[in-house]
Amino acid sequence: MQCTSFPDDLLGLQADWLRTYRTLAARPATAGTTALRRRLITLSCAICTHPYWSHPARTAGGPAELRRAAGARAWERAA
């Protein structure tokens with residue numbers, strides 16, 4: 001398993017965001033996507049306002065690393 005400095009709750013939020021996005025992307029626009037879009041907004045807000053980001057050194061490049069770490073974590077759990 002990949003070792004990261006991200007807290008588990010933040011990784012979980014990002015993994016939920018990725019799953020929700022994939023679900024939304026797989027549906028046609030006319031298939032009632034409002035709830036999924038709202039879920040993405042809620043998760044995005046929770047990720048962006050997470051206390052982890054309060055340290056100035058944790059903002060540069062951090063979101064991209066978080067997406068990679070959460071994606072790798074989700075992939076490992078699916079295997």
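1. Phe6 is in the segment before helix 1 and Tyr52 is in the loop between helix 2 and helix 3, so to speak a link between distant parts of the chain, 46 residues apart.

2. Some housekeeping before going on. This is a predicted model, in which local features need pLDDT of at least 70 and side-chain atom pairs count only at pLDDT 80 or more, while totals for chains, interfaces and linings use all residues. Residues are numbered from 1 along each chain as its sequence is written, and side-chain values use heavy atoms, leaving out hydrogens and water.

3. On confidence: the mean pLDDT (the predictor's confidence in each residue, from 0 to 100) is 84 for the protein, and 78% of the residues score at least 70. Helix 2 comes out highest with a mean of 96, and helix 3 lowest with a mean of 73. Where pLDDT is low, the predicted coordinates should not be read in detail.

4. The fold reads α-α-α along the sequence, with three helices and zero strands. Both are DSSP runs numbered from the N terminus (helices H or I, at least four residues; strands E, at least two). Of the contacts (heavy atoms within 4.5 Å) with a separation of 6 or more, 66% are between residues 24 or more positions apart.

5. Burial next. Among the 79 residues, 27% count as buried, where buried is under 20% relative accessible area, exposed is over 50% and partly exposed is in between (1.4 Å probe, protein chains only). The largest nonpolar core has 11 residues: Phe6, Leu10, Leu11, Ala15, Leu18, Ile47, Tyr52, Trp53, Leu66, Ala69 and Ala70. Helix 1 (8–26) and helix 3 (62–78) each put in at least two residues, and helix 1 gives the most, with four. The rule for a core: buried Ala, Val, Leu, Ile, Met, Phe, Trp, Tyr and Cys residues joined through side-chain atoms within 4.5 Å.

6. Which residues does Phe6 contact, leaving aside neighbours within four places in sequence? They are Leu11, Tyr52, Trp53, Gly62, Glu65, Leu66 and Ala69. Phe6 counts as buried because its relative accessibility is 10%, and Tyr52 is buried too, at 10%.

7. Is His50 buried or exposed? His50 is buried, because its relative accessible area is 11%. This residue is in the loop between helix 2 and helix 3. Not counting residues up to four places away in sequence, His50 touches Pro7, Asp9, Leu10 and Leu13.

8. Ser44 is worth a click. It belongs to helix 2 (residues 34–48) and is partly exposed, with 28% relative accessibility. Its side chain makes a polar contact of 3.0 Å with the side chain of Trp17. Here a polar contact is a pair of N or O atoms within 3.5 Å; within protein, one must be able to donate a hydrogen and the other to accept it, and residues adjacent in sequence count only if both atoms are side-chain atoms.

9. Asp16, in helix 1, is partly exposed at 23% relative accessible area. Beyond residues up to four places away in sequence, Asp16 touches Arg39 and Leu43. Asp16 and Leu40 are 8.8 Å apart, C-alpha to C-alpha, and 24 residues apart in sequence.

10. The whole structure has zero disulfides, a disulfide being a pair of cysteine sulfur atoms within 2.5 Å. Cys45 is partly exposed at 44% relative accessibility, whereas Cys48 is exposed, with a relative accessible area of 59%.
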